[in-house]
Amino acid sequence: MSQNILLSTILPSESGHLFREFIYELNNNGAKHLLRNEILLRYADFCDSQPDGPEEKRNQRILASFLSKTQEIILSETCIVVFYRENIANYRFYAIRNDDNIVEQWSAEEFIDFREKFTGVSSDPSEKKLLIDFQPFYSTGPTIRDYKKIGAGQRVLTSFMAGKLHDQMENWRQFLCDFLKIHSIDSKPILVDGSMIKDSEHLFEALQKAIRILEQIPPKGLSKTVSRSLKTLGFCEGFGNSSGRILETMRLLSDLIEEPNPDILESFVARIPMISKVAIVSPHGWFGQENVLGRPDTGGQIVYILDQIRALENYLATNLRLSGLDIIPKIIVLTRLIPENDGTRSNERLEKIHGTENSWILRVPFYDSEMRIVPHWISRFHIWPYLEQFALDSKAELLTEFNGTPDMIVGNYSDGNLVASLLSSWLQVIQCNIAHALEKSKYLFSDLYWQEMEKEYNFSLQFTADLISMNKADIVIASTFQEIAGTETVLGQYESYYLFSMPNLYKVNHGTNLFHPKFNVVSPGVNENVFFPYFKQEERLPNRTRDLMHLLFTNKDDDIYGELNDPSRPPLFTMARLDKIKNITGLVESYGINKALQNKCNLIVVAGTLNSEKTHDDEEKHEIQRMYELIEKYQLQGKIRWLGIRFNKVDTGEIYRIMGDRRGVFVQPALFEAFGLTVLEAMATGLPTFATQFGGPLEIIENNKNGFWINPTQSELLTKPVVDFFDALDRHPEYWNRISKAAVARVRKSYTWQLYSERLIKSAKLYGFWNYSGQVNEKKEIDHYCNLIFHLIYKKRAEDLNKRNLASP
């Protein structure tokens, strides 16, 4: 129910008057519905025309602070509607009457209904709209009170469990005993022999005897006599690979039985060898190791997963060895088999992952509604009708390859996360989600105007899949805090699912719970063997460096467009897929507009292909055509070189270093970037990096210290920091070295795959422990609710898409 207040309640009188003037200006310019970025740009222009006295400036600052947290403004004939984000997932909706200073405070649903009616996308009354609301399912479990701790779920959950268990000591001790007894590999117990240790009292008694034995012997090594003594007490080999480590683990267990302390609980659970088999799901694109990067839907996610697997396998192998188990971990990447492989290995069922001992790519085909194998590549926006059957077929394949169930399933992107949620429910194992990029944040108004975009993007399916998987997941891994909850003034990617509507389909209030400890920030790293600094000449291959240098700057080739008039100029380098969000054409246009930048450096672009006939992706075709048009429009011949070549990862690392040799820079101009692996790669090689301020780079880069933020929404805002940097080099040539060294140090300190692997596996073990504890009624209820959404909404939409596909020529 709406409540009335005065405008002066939310803005001081003079600032409120200034707000009215600003709204009057917006009306005069025909504005109707503005998002935050446009609001702030228009306000900046408005302030330029205002008096600049001290009092006026003070009022402008007050209003600027208010507008910085304003996500939307709607200007109707009767009122001004403001969507104000007071804090993370804490919103206020104000309807300010046009004829007086009375302000109505609306509910979230009132705002959603008004916005739909105002934009003309739906006129249905609120009572006729399906409401999806997850809030009731999160009312009893653990929650984060301080928004600054969002993303630190592992620690919060540990403290919550320790407190709960402390309150139920007798039940807790028996639960712990039962938990230790269930762990086995190939039906063989690895911690406690349940036939010998029956209950918690017996466990504690046997534990004290074992500790006394171990305290009397040297910590290094493990004699057969000691092993036999421990086995006669009921303890198996999974406590450690030496007397000293077994003693440490058993002391942790003894302390935990007596007092469930959070630190002890976390340390003990981390030592339990719970995980040796991991399934990683990534259906879309051309998942492979050669000749795939740069193809549509095939980029950073594959690099991320392959590097992740190598690090995870190493960590798990070490963890299992330290536990005293002679077990080789196994990791399987589950992806799609594509018979029309186009020169890749995507038609092979099984492929060993380079640099691993027991990690594999397992490919399972898509089947159409008549159970025929789908032979060709399909865009990630159109694969939704195939995923349920793909998950069902994959279940049988995984059970065969693992010779049983995996211990953990990790989904990637919206499609992989949906498949992971289905497999996790069927196999009853831990589910981990990694979004990589939530499309809802990348495409403006993609929820409100979904019907206009449906033919191209099928957002009704993708956003529904996202809601299902993020709520069913045990763990959600984000690369940055802002991916979950944004900044002080900007919505986070996951937060964008908290409140939205898809007119004529459903509306969502409390679509996710950002304060749930399932959310954990675990940033990826870079492969230091590939992306090492340019100045490490002893690790580089001179012949390959020379060949790549000629290719980048001088050679003629059918896959290269443009010859440089002066190849010695510093390179402004960019590399990404050719799609709208990556915004390569936006960078080319900005470079074309800025003559000063053209005079300082050449533009080197590695992106896509030069021939639109070589791609099946409509968006890439459009961007290829636009590239040619922009080069012609701004007469960039002689200043730009465009390489439509797919480089392998090793060559990519050397290309960054060649740019560093020439004191160039790397620019990542995406309109939105969920994390920014190329940003990390460039920084790791010592290349000064300019990256979008929208998304992950905002946390990777410390602005003006080890890199630079750019605003890619306007040409001047994109190029100004780059021009300023080159101007600074004219005055202080050593500035390039200072930024370069700081970039390398930033990556080495905060972004390593070793740290990533440790945190991911610790989280999986902890959440497995939590699920076993029986304190998970909310999860069962959420699963049932999500299953209803899947069967009643998702499957119907997927069937409709399948019919459209069959009807199209």
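Predicted model: local features only at pLDDT ≥ 70, side-chain atom pairs only at ≥ 80, totals over all residues.
**The chain as a whole**

- The chain holds 29 helices and 26 strands, where helices (H or I, at least four residues) and strands (E, at least two) are DSSP runs numbered from the N terminus.
- With a radius of gyration of 29 Å, close to the 28 Å that the globule rule gives for 809 residues, the chain is as compact as a globular protein of that length; the radius is taken over C-alpha atoms, and the rule is 2.2 Å times the number of residues to the power 0.38.
- Taken along the principal axes, the box filled by the C-alpha atoms of the chain is roughly 85 × 75 × 60 Å.

**The sheet of six strands**

- Six strands, in the order β1-β6-β5-β4-β3-β2, form an open sheet with antiparallel pairing, and two strands are said to pair if DSSP finds at least two bridges between them.
- At the edges of this sheet are β1 (3-6) and β2 (33-35), each of which pairs on one side only.
- On average, neighbouring strands of this sheet are turned by 25° against each other, direction ignored.
- β4 and β5 pair in the antiparallel sense over eight bridges, with Ile 80 opposite Ile 96 in β5, and they form a hairpin with two residues between them, where Ala 89 in the turn has a positive phi of about 55°.
- Strand β5 (residues 90-97) is joined by four bridges to the antiparallel strand β6 (residues 102-106), and these two form a hairpin with four residues between them.
- Along this pairing, Ala 95 stands opposite Glu 104 in β6, and Phe 93 stands opposite Trp 106 in β6.
- Helix α4 (residues 54-68) lies across β3 (70-75), β4 (79-87) and β5, and runs at about 95° to β3; such angles run from 0 to 180 degrees between N-to-C directions, and axes are lines fitted to C-alpha atoms, for helices over the stretch in contact.

**The sheet of three strands**

- A second open sheet has the order β7-β18-β17, with mixed pairing.
- β7 (131-132) and β17 (499-502) stand at its edges with a single partner strand each, so one side of each has no neighbour in the sheet.
- β7 runs parallel to strand β18 (residues 506-509), and two bridges join them, with Ile 132 opposite Val 508 in β18.
- Helix α5 (residues 108-119) packs on this sheet, touching β7, β17 and β18, and its direction makes about 35° with that of β17; contact means heavy atoms within 4.5 Å.

**The helix pair α14 and α17**

- The axes of helix α14 (residues 413-427) and helix α17 (residues 459-472) come within 9 Å and cross at roughly 45°.
- The two helices are therefore oblique to each other, since angles under 35 degrees count as roughly parallel, over 145 as roughly antiparallel, 65 to 115 as roughly perpendicular and the rest as oblique.
- Residues of α14, including Tyr 413 and Leu 418, meet residues of α17, including Ala 465 and Ile 468.

Notes
Residues numbered from 1 in each chain as written. Heavy atoms only, no water.
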